[in-house]
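Below is a briefing on a structure with two protein chains, grouped by topic. Please read it alongside the sequence and the coordinates.

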Amino acid sequence: MSLSEEEFEESHSCEVRINIKTEMGDAMNIQYKKGVLELCVLSLLAKRDWYGYEISEFLSHKIDIADGTVYPILRKLKSDGLVTTYLMEASGGPPRKYYSLTATGRESYASDRTDYLNFASTVQSILEEQET
Amino acid sequence: MTKQEYLNELKTELNKNSITDAEDIITEYEQHFLFKLADGYSEEEIAVKLGAPAHIAAQYAGIPGEKKAKGGKKFFLVLWLTIIGIFEVMLYGAFLWFIVALFCASLVPTALGVEFIIRMNLMNILPPMPYGGALVFGIMLIALGVILFLVAIYCFAYLRQMVRASLRWRKNLMSGEALPLLPMSPQFSPKTRRNLRGILLVSVLIFGITFIAGYAILGIYTHSFEFWHALGWFGYPATIH
C-alpha cells in the first residue's frame, strides 16, 4: 500500500478544510456586500420614492450583484420598518410597487451613513498607508 | 430557464424555506421579468441575471421574522414543549428533593461527629466507647458529612445547569433564534472546581484514615475484631466497661 490510512485521512481532511475556508470567504463577502447594499438602497430612497425594478436596475449597473439580490433587501428594510410600500398605477403596465423611507428609516440612514463614511475613510487611510 | 420555470422553482424554494407572502415575492419577480422583457432581454438572460432561485430564497430566509410561524406548526411546538416540560419539571422536582435530602443527610453525621468529639451525649443515643475511639470516629463522621455536602452541591450545580440548558433550548425553538446551546454538566470556574476537588479529596482521605484508625483503636482496646460486641452496642451484653 503506497498511501497509509493515516496519510490518506490527512490529505482528505486538508481538502475539506480548504473547501470550508473558501465557503466562509464567500459567505463573508455576501454579508459584507449586503450591508453596503442596504445603505445604498436607503440612500436612493432618501432622495425620492423608487419602485423595486428601478432600484434593482440602478444598483446592478453600478455594482456587481445578481439582479435578484435587491428584492430581499427591500423586504428586509420593510420588515425592519425602515421603508413602506404603496402601489401606483402606471400607464401601460401593471401597478408599480413604490418604496418610500419612513421617519425611522430616515434617522437610521442618517446615522448609518455617518458611520459608514467614517469607517470607509479610516479603511482608506489604513490601506493607503500600507502601500507606501 | 424560461420565466415560468424560474418562477415555479422560486416558489418551490420559498415554500421549502417556509417564507411568508411567497405570492407577493413571486409577483415582484414576475414584474421584474416583464420590465426586462420590455427592455428587449430574453427570458433566459433575465433568469440568469437574477441569480439562482435557491440563493434568493435563502436570502429571504435570512431575514429575521420572515419565516412562517405557521399557526399550526407553532401550536404543535408549544404543545410538544409543554408535554416535555411536564416530564422535565417532574424530573427536576425529584432531583431537587433528592438534593434537599442529601443536604439534610450531610447534617446528620456532622452533628453526630460533633457530639462524639465534645462528649455530648444528647438523648443518650451514642454507643459506649472510650474517648480515643470516639474522637477518631467523630472526625470520621464529620468528614462523611463534608463528602455528602459536596455531593449535594455538585448535584445542585448539575440541576441548575440542566434547567438553564433546557431554557436556552426552548428559547431557541420558540423565537427561531440560534443562540449556542449550553452544556448539561455543571460549569464551575477553574478555581472553584480546584477547591471543591481538593476539599473532597482531603475529606475522603480523612474518612478512610480515621475509619481504619478508629477500628484499630477500638479493636486493640477490646482485643476483638468485633469490638461492638465487647462494648455492648446494638443490645449485646457488654464485656468491657
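Strand 1 and strand 3 (residues 96–101) of chain A run antiparallel and are joined by two bridges. This is a predicted model, in which local features need pLDDT of at least 70, side-chain atom pairs count only at pLDDT 80 or more, and totals for chains, interfaces and linings use all residues. Residues are numbered from 1 along each chain as its sequence is written, chains are lettered from A and ligands numbered from 1 in the order in which they are written, and side-chain values use heavy atoms, with hydrogens and water left out.

**Sheet of chain A**

- Helices (H or I, at least four residues) and strands (E, at least two) are DSSP runs, numbered from the N terminus; two strands pair if DSSP finds at least two bridges between them.
- The sheet in chain A is open, with three strands in the order 1-3-2 and antiparallel pairing.
- Strand 1 (50–51) and strand 2 (83–88) of chain A each have a single partner strand and stand at the edges, so one side of each lacks a neighbour in the sheet.
- A:Tyr51 is placed opposite A:Tyr98, a residue of strand 3 of chain A.
- A:Tyr51 and A:Tyr98 also belong to a cluster linked by ring pairs, together with A:Tyr53, A:Tyr86 and B:Phe35.

**Helix 3 of chain A**

- Seven of the ten residues of helix 3 (residues 70–79) of chain A are buried, so the rest of the structure largely encloses this helix. Buried means under 20% relative accessible area, exposed over 50%, and partly exposed in between (1.4 Å probe, protein chains only).
- The buried residues of helix 3 of chain A are A:Val70, A:Tyr71, A:Pro72, A:Ile73, A:Leu74, A:Arg75 and A:Leu77.
- After helix 3 of chain A comes A:Gly81, with a positive phi near 80 degrees.

**Aromatic pairs**

- Rings of Phe, Tyr and Trp (its six-membered ring) pair if their centres lie within 6.5 Å; planes under 30 degrees apart count as stacked, over 60 as edge-to-face and the rest as tilted.
- Over all chains, the count by this rule is 18 aromatic pairs.
- A:Tyr71 and B:Tyr29 form an edge-to-face pair, because their ring centres are 4.9 Å apart and their planes stand at 65 degrees.
- This pair crosses between chains, with A:Tyr71 in helix 3 of chain A and B:Tyr29 in helix 2 (residues 22–38) of chain B.
- Both A:Tyr71 and B:Tyr29 are buried.
- The aromatic pair of B:Phe207 and B:Phe211 is stacked, at 6.3 Å centre to centre with 25 degrees between the planes.
- B:Phe207 and B:Phe211 are four residues apart in helix 7 (residues 190–222) of chain B, so about one helical turn separates them.
- B:Phe207 counts as partly exposed at 25% relative accessibility, and B:Phe211 counts as partly exposed at 41%.

**Interface between the chains**

- Contact means heavy atoms within 4.5 Å; 20 residues of chain A are in contact with 21 residues of chain B.
- About 1900 Å² is buried between chain B and chain A, and carbon and sulfur atoms give 53% of this area. Buried area is the accessible area (1.4 Å probe) that two parts lose on being put together, summed over both.
- Of the area that chain B buries against chain A, 33% comes from B:Glu28, B:Phe35 and B:Gln59, more than from any other three residues.

**Salt bridges and charges over rings**

- A salt bridge is a side-chain nitrogen of Lys or Arg within 4 Å of a carboxyl oxygen of Asp or Glu.
- The whole structure has eleven salt bridges over all chains, and the count between chain B and chain A is five.
- A:Asp67 and B:Lys36 form a salt bridge, with the closest N and O atoms 3.7 Å apart.
- This pair crosses between chains, from A:Asp67 in the loop between helix 2 (52–62) and helix 3 of chain A to B:Lys36 in helix 2 of chain B.
- A:Asp67 and B:Lys36 are both buried.
- B:Lys36 also lies over the face of B:Tyr41, 4.3 Å from the ring centre. A charge sits over a ring if NZ of Lys or CZ of Arg is within 6 Å of the ring centre and within 35 degrees of the ring normal.
- A:Arg48 has its charged end over the ring of A:Trp50, 4.0 Å from the centre, and forms a salt bridge with A:Glu54, the closest N and O atoms being 3.1 Å apart.
- B:Asp24 and A:Arg75 form a salt bridge with their closest N and O atoms 3.7 Å apart.
- A network of salt bridges links A:Arg75, A:Lys97, B:Asp24 and B:Glu28.
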